[in-house]
Amino acid sequence: MEFSPEGFALALEAVFQLKTIFWLVAGILLGVGVGAIPGLTAATGVAIALPLTFTMPIAQALGLLIGLYKGAVYGGSISAISFATPGTPEAGATVYDGHTMMRNGYGQKALDTALYSSVTSDVGSDLVLIFCAPIVAAFALNFGPSEKFWLVALAFTLLGSLSGEHVAKGMLSAALGVFLGLIGNDPVGYVPRMTFGLWWLQDGISLIPLMIGVFAVSRMLEQSATIIKSKSITKKIDLSGLKRGKGPHLGFREFLSCWKEIALGFGVGVLCGSLPGLGATVGAFLAFGLAKQLFPSKKIGSGVIEGIAAAESGNNATVGPTLIPLLAFGIPGSATAALLGGALIMHGATPSPRMFSLYPEVVYALFMLLILGNFFNLGIGKFFASLYARIGLLPKSILIPLIFIMAIIGSYVYRGNPYDVYVMLAMGFMGFWMRTVGIPDGPLVITFLITPMMESNFRKALLISRGDWIQALFPSGVAITLAVAAVVLTILAIKFSPSKRVKQEVKEAEIEGE
Amino acid sequence: MDPVEPSPRAYTATALGDRFKYIIFYKWGFVMPKKYSWIRSNQGIGILLVVSFIGMFLYFEFADWAEHVARDGFSIGFFPKVATALVIFFSFVMTVDSKRKEVIENVAQLSFSTLIYSVAITAYCTLAYFLMVRLGYCIVVPIFTFSLTYVLGLKSIVRSLLVGFIISGLIYGLFTALGVNLPSGILPF
């Protein structure tokens, strides 16, 4: 992929503006808070912030969303360390060492370790994205409709088989995404299909209401039902050990002594981020588990900085690579990548291999914001971690109405279509029930996003081959390889389920913790 | 594993299960803390989904639009039917795979009140939106936020009112600053 100096200059101009930097910092400030509040994930935060970006130029919009994403991935560790409740699922592995250190009076050191290893891995993962995405995209440019179809099919099977611990439920979620993605006019015949007689479904289900519903409203429904039922009252938690300047800080040499765990976490995280369906939670737990097995002398899990370093670098190293499939193929690697993809589509820069030549300024701006975001994340995390620990205790009775209102307004202002709000609420309700019965929601949103690509490429391939199905599906070695990979990887994913390993890891750590 | 302390993650449905399965599950470390109805197992949920989506498939099969043929030779109903068949297939897999008798923790703890609360909150949000576009953001949203805040546990009316007004004001300010007009309804703003 050729470097575009004009695109680079435009990106520099767009990124190094006061407004863009303001939104990047605002995103990180908000994101660390979202991450620190148990029950809110990076995807929830990005989904809720998405409507705020409708009127912004693309660089500012990306600044806000990337800041939020990075902040939330790191922010989860704050509540994991402070009160043993991971703010986000990916921070779950940080609890074991982090909270033990907190109880032993080393809370500040634990927070420092989480921050430095998060930022180190995040920078590395962004570099992986910057160097790999253009190469992979250049390769993907040679793909015809059949290869693109198989690529999407591969993503479908990976998403289904790797998301969650029950393969059938993951696959079901992916299939439901395809089902929802087909609602609306047929792209060739322009005849309404699956609209159930509702004229406003002819344009299909909008991406933004679906995302807000599934990622934000479903979680709030779940939490409000739980709160009303249990009438739970927030427990008083002592956070006095987290006051700035109290307790020993992490020394530079001490941090460097964890280089092996950080490197391991980085490697695992990059791998998990690149494969659609795995994501940060698996990255963190696998890195933690492997570090415990490979370095038994360090007693990881008993309250040591090495455990935090492995887990945090494992989850943050997924941030960059999760965008590789999005930028190179137009296929999001995770729920948050799907949200960022949605934002790009909304601003007219549809992710695809041609994005590097069509919108180089957007791609370069994205890269710059990813790198810049790490430095702001470092500064904000360093100075405000103890404050965020208190934000993590914010009552749900305040947060839930706030998120409901943001979701309703966000869906309403997206296109000014009143039915979008009803769709959003329906998707929220559906998402709530999916979560209740253990069906993961990530595959649904991602396959919903890629279904038009899958359908159009399949139809194009058949048109090119004049209706010959064999010729349409297997016209080249690449298509055959991708088809075989879809089958083989699915079998491998079922056999060596990383999610199962994570569950096992949690059980082992819980037993040891007791 | 101590049989007195059940694993919270793996509940096993009993209604369809036989005693041999019970022993195998027990040996594997899964114990039955409580008898749950079969409908709460993955198998029960899977069958509900299979039946619903077979209904959907039949609806597509007999729908007028499904028979139209597009320029590329595909009938309009082809892809919807393929997608529905995929959903039916994976729902069916849920009913026959090795985890078919498992009842996951959330479903085990599910009560009728959860259903009522989730429907009620969704309906309340729908009503709030319905009224908001007619009466205006500034009238409806503070009342909605106040009431929800109160119901969700901030038991002081004054504090809930205060929170309601602050949240509504903040969101109004944020969107207005971003150049987004919120529904004004009967008010001029």
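**Pockets, cavities and helix packing**

Modeller: In the lining of the second largest pocket, the residues divide by class into 25 nonpolar, twelve polar and seven charged. Keep in mind that this is a predicted model.

Biologist: How much space lies in the second largest pocket?

Modeller: The lining counts 44 residues, with A:Ile345, A:Thr350, A:Leu449, A:Pro452 and A:Met453 lying nearest the centre. The space in that pocket comes to about 1000 Å³.

Biologist: Which element gives the most to the lining of the second largest pocket?

Modeller: Several elements of chain A supply at least two residues each, including α7 (145-162), α8 (167-181), β1 (184-185) and α18 (396-415). Also among them are α14 (324-329), α15 (335-346) and α20 (442-464). The one that gives the most, with nine residues, is α20(A).

Biologist: Turning to the cavities, what volume does the largest cavity have?

Modeller: The count is two cavities of 30 Å³ or more. For the largest cavity, the volume is about 40 Å³.

Biologist: And which helix supplies the largest share of the lining of the largest cavity?

Modeller: The lining consists of A:Trp200, A:Leu201, A:Gly204, A:Ile205, A:Ser206, A:Arg415, A:Asn417, A:Tyr419, A:Asp420 and A:Val423. By class that is five nonpolar, three polar and two charged. Three of the residues, the largest share, come from helix α19 (residues 418-436) of chain A.

Biologist: On to the helices. Are α8(A) and α3(B) roughly parallel or roughly antiparallel to each other?

Modeller: The axes of α8(A) and helix α3 (residues 78-96) of chain B are 8 Å apart, at an angle of about 165°. An angle over 145 degrees counts as roughly antiparallel. So α8(A) and α3(B) are roughly antiparallel.

Biologist: How many nonpolar residues does the contact of α8(A) with α3(B) have?

Modeller: From α8(A) come A:Ala168, A:Lys169, A:Met171, A:Leu172, A:Ala175, A:Leu176, A:Val178 and A:Phe179, and they meet B:Ala83, B:Thr84, B:Leu86, B:Val87, B:Phe90, B:Ser91, B:Val93 and B:Met94 of α3(B). Two residues in this contact are polar and one is charged, while the nonpolar count is 13.

Biologist: Back within chain A, are α9(A) and α18(A) roughly parallel or roughly antiparallel?

Modeller: Their axes lie 10 Å apart and the helices pack at an angle of about 155°. The crossing of α9(A) and α18(A) is left-handed. With the cut-off for antiparallel at over 145 degrees, the pair is therefore roughly antiparallel.

Biologist: What about the classes there: how many charged residues are in the contact of α9(A) with α18(A)?

Modeller: Residues of α9(A), among them A:Ile208, A:Pro209, A:Met220 and A:Ile227, meet residues of α18(A) including A:Lys396, A:Ile400, A:Phe404 and A:Tyr414. The contact divides into 13 nonpolar and four polar residues, and the charged count is one.

Biologist: Last pair: are α3(A) and α9(A) oblique or perpendicular to each other?

Modeller: The axes of α3 (residues 42-49) and α9 (residues 207-230) of chain A come within 9 Å and cross at roughly 120°. Roughly perpendicular covers 65 to 115 degrees, and roughly antiparallel needs over 145. That makes α3(A) and α9(A) oblique.

Biologist: Which residues of α9(A) make the contact with α3(A)?

Modeller: α3(A) passes α9(A) in a left-handed crossing. On the α3(A) side the contact is made by A:Ala43, A:Thr44, A:Ala47 and A:Ile48. By class, the contact has seven nonpolar, one polar and one charged residues. The α9(A) residues are A:Met211, A:Ile212, A:Phe215, A:Ala216 and A:Arg219.

Key: Residues numbered from 1 in each chain as written. Chains lettered and ligands numbered in written order. Predicted model: local features only at pLDDT ≥ 70, side-chain atom pairs only at ≥ 80, totals over all residues. Heavy atoms only, no water. Axes fitted to C-alpha atoms, helices over the stretch in contact; angles between N-to-C directions. Helix = DSSP H or I, 4+ residues; strand = E, 2+ residues; numbered from the N terminus. Parallel < 35°, antiparallel > 145°, perpendicular 65-115°, else oblique. Left-handed = near helix turned anticlockwise from the far one by under 90°. Contact = heavy atoms within 4.5 Å. Nonpolar A, V, L, I, M, F, W, Y, C, P; charged D, E, K, R; others polar. 1 Å grid on protein atoms, 1.4 Å probe; cavity = no way out; pocket = protein on both sides within 12 Å on 5 of 7 lines; lining within 4 Å. Points joined across faces, edges and corners; volume = space filled by probe spheres on them.
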